[in-house]
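Please look over the model below with these notes beside it.

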Amino acid sequence: QDEQHWRTFVESDVIRFVDLPPGDHDVQINEVKRGRVIGLGGKSSGKPMIYLVGKDKPIAASSAMCSVIEQLYGKAPAKWKKRWVTIYGDPTVKYGGVAVGGIRVRPVAPRKDSKP
């Protein structure tokens with residue numbers, strides 16, 4: 001039986017919680033750009049877009065996600081390029097008071113990344 005979430009049928013320009021298989025995923029940051037996402041009711045908001053090596057869509061990064069990466073690699077997104085992070089899906093993340101799930105970053109650098 002296919003347990004695919006219905007939200008995977010909704011087109012998106014970003015990688016979402018429902019797009020991640022369960023578990024941890026070590027990913028390499030390719031670059032970070034300014035971007036916009038359109039949320040519930042057509043509300044638009046600016047977000048850091050984190051592009052990953054080998055992925056065709058970015059992650060629309062939350063402030064919490066960026067704060068964790070800052071603790072690992074510093075406050076300047078330019079210094080995050082080519083660095084590794086571990087992401088995972090968290091089903092408890094809420095948006096508009098409703099648990100919709102989100103992507104989180106582990107506060108420890110994967111072994112693939114050696115700190116300078």
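**Notes on helix H1 and the cavity**

1. Helix H1 (63–73) has the buried residues Met65, Cys66, Ile69, Leu72 and Tyr73. They lie on the same side of H1, because they cover an arc of only 115 degrees around the axis. Buried means under 20% relative accessible area, exposed over 50%, with a 1.4 Å probe and protein chains only. The arc is taken from the directions from the helix axis to the C-beta atoms.

2. This is a predicted model, in which local features need pLDDT of at least 70, side-chain atom pairs count only at pLDDT 80 or more, and totals for chains, interfaces and linings use all residues. Residues are numbered from 1 along each chain as its sequence is written, and side-chain values use heavy atoms, without hydrogens and water.

3. The face of H1 turned away from the buried side carries the exposed residues Ser63 and Gln71. After H1 comes Gly74, with a positive phi near 105 degrees.

4. What covers the buried residues of H1? Among the elements that do so are S1, S2, S3 (59–60), S4 and S7 (102–105). Helices (H or I, at least four residues) and strands (E, at least two) are DSSP runs, numbered from the N terminus.

5. How many cavities of 30 Å³ or more does a search of the whole structure find? The search finds one. A cavity is a set of points on a 1 Å grid over the protein atoms alone where a 1.4 Å probe fits but cannot get out; lining residues have an atom within 4 Å of a point. The largest cavity has a volume of about 40 Å³, the volume being the space filled by probe spheres set on the points.

6. Residues lining the largest cavity include Met65 and Ile69, both also among the buried residues of H1.

Key: 1 Å grid on protein atoms, 1.4 Å probe; cavity = no way out; pocket = protein on both sides within 12 Å on 5 of 7 lines; lining within 4 Å. Contact = heavy atoms within 4.5 Å.
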